[in-house]
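Have a look at the model first.

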Amino acid sequence: MSVNSGDTAWLLISTALVMLMTPALAFFYGGMVRRKNLLSTIMMSFAILALVSVLWVIYGYSISFGPDKGGIIGALDWIGLTGVGQAPSSVYATTVPHLAFMIFQAAFAIITVALWTGAVVERIKFGALMVLGTLWLTLVYCPVAHWVWGSGGWLAGLGALDFAGGGVVHVNAGISALALAMVLGPRLGFKEKETMEPNNIPYVILGAALLWFGWFGFNAGSAVTAGGLASSAFVTTNTAGATAALTWMVLGWINRRPSVLGAATGAIVGLAAITPAAGFVQPWAAIPIGFVAALLSYYVMLWRNRANKIDESLDVFACHGVGGAWGLLAAGIFATAAVNPAASGLIDGNGRQVLIQLVAIAAIAIYAFVISWVLAAILKATMGLRVKEDEELVGLDISQHGERAYGGITQ
Amino acid sequence: MKKIEAIIRPEKLDTVKTALEDRGILGMTITQVSGRGRQKGIALQWRAGEYRVEFLPKIKLEIVCSDDESKTAVDIICKSARTGKVGDGMIFVLPVDSAVRVRTADISEAVATTK
């Protein structure tokens, strides 16, 4: 196999685009918390960017993509990137250096761990977050990535379609967020419905816009070639994000007013939903995919807010869990060989694909929920997950990091 | 000598300031404050659904003037800050012992007057 310079250039640029999504997520989440927890929330994503980058190179890539062990996990043969070099891999992205594919995948692992931090903001101990992030990457992300994308992975063998991570990234993080929030418990004042006002909605929009931008690398980059398929995924990505943003805006408008926070949320939900389907479906299919994603996610979020039972604070489940699961199902419905010869869904007369997609959703959801719950419960019983009550009241910026977002009184 | 503390709608500040100025009352200090009265608060939009904000942004206007002027000032503020809806604010009038002008260290009632 020889290296194609066009493919390599596109994959490296895509990697940089996906890397940017994690600091973008930091602002997306940071803007929605109270001002006393702005830095803490940003730091969660930023620290995970650094932490997972290193773990991925040491062992994460090997156990995710290394030689298959029973369809469940990769072997440690590629530990410390042994044998992962400038020549292409024989099984993954065979026209680019193996190192380029490895680092592209690193960016996915990073953002997936950062995604569920939205469920634990404003109350988790920073040290516990770092430990949880390490364990979760190792025991949840890496196995699931292997099942779906690893050569020999059991869901890949079953024929499950997940173009860029609707299951591996979004359902995985979304379901885990729910489990983590349930073990961690609600923020002080949550049950009493105390006002928890977003401190900076422009940050949310800034974050959402940069996520949208980075998503072109996420989805079109997942073609791992620079050609027609990447272009097709690029178009479906933009169309689904836009459709869901519009849909959410109208839903808010019917209820009250077209909210800015809502439009930003809608875009992210639509982008999450198109992720597993981006390189399998026609551009027109991105419109129903984005529309239904916004509808489902909106009502799940409304229900969670009104029920006021689980403090899944920034609705990672409603956005990514629901959006990703619908997207996986939609890939089974709308996938067509006219776009990608590798996949045919219901509209090509292959109804079985829908069932395979449902199996993938269920397998990832159950596994991620159970392991996340267990990991959080173990940490809760040992090192403790939550900050002390007075630390929570003061805010995590001061109590965990000794800093504040907005310093000075007058200048 | 009196101190007037008027809590008004932020959007009425310009109207109030101009009306006071027309009657020769120039000196004032303003502060951005949050508060609630009978208006209680408003509902703002969350991503789906809404949340309530109990305290609303207001402007606190502070004026120190003679006893006579204070009656005029209160009257002007009332008229110029009023919309007739809940949330127009409150005015408090307090006695003041003395006033000192920092530049000259003059202590007197005169320094506080607006003329």
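H1(A) passes H7(A) in a left-handed crossing (the near helix is turned anticlockwise from the far one by less than a right angle). Keep in mind that this is a predicted model, where local features need pLDDT of at least 70, side-chain atom pairs count only at pLDDT 80 or more, and totals for chains, interfaces and linings use all residues. Residues are numbered from 1 along each chain as its sequence is written, with chains lettered from A and ligands numbered from 1 in the order in which they are written.

**Helix pair**
- The axes (lines fitted to C-alpha atoms over the stretch in contact) of H1 (residues 5-30) and H7 (residues 201-220) of chain A come within 7 Å and cross at roughly 155°.
- H1(A) and H7(A) are therefore roughly antiparallel (angles over 145 degrees).
- Their contact has 19 nonpolar, six polar and no charged residues (Asp, Glu, Lys and Arg count as charged; Ala, Val, Leu, Ile, Met, Phe, Trp, Tyr, Cys and Pro as nonpolar; the others, Gly among them, as polar).

**Chain A meets chain B**
- On chain A, 15 residues are in contact with 10 residues of chain B (C-beta atoms, placed from the backbone, within 7 Å).
- Helices H9 (260-274) and H10 (286-307) of chain A are the elements giving two or more residues to that side.
- H10(A) gives the most, with five residues.
- The side of chain A that touches chain B divides into four nonpolar, six polar and five charged residues.

Technical notes
Axes are lines fitted to C-alpha atoms, for helices over the stretch in contact, and angles run from 0 to 180 degrees between N-to-C directions. Helices (H or I, at least four residues) and strands (E, at least two) are DSSP runs, numbered from the N terminus. Angles under 35 degrees count as roughly parallel, over 145 as roughly antiparallel, 65 to 115 as roughly perpendicular and the rest as oblique. Two residues are in contact if their C-beta atoms, placed from the backbone, lie within 7 Å.
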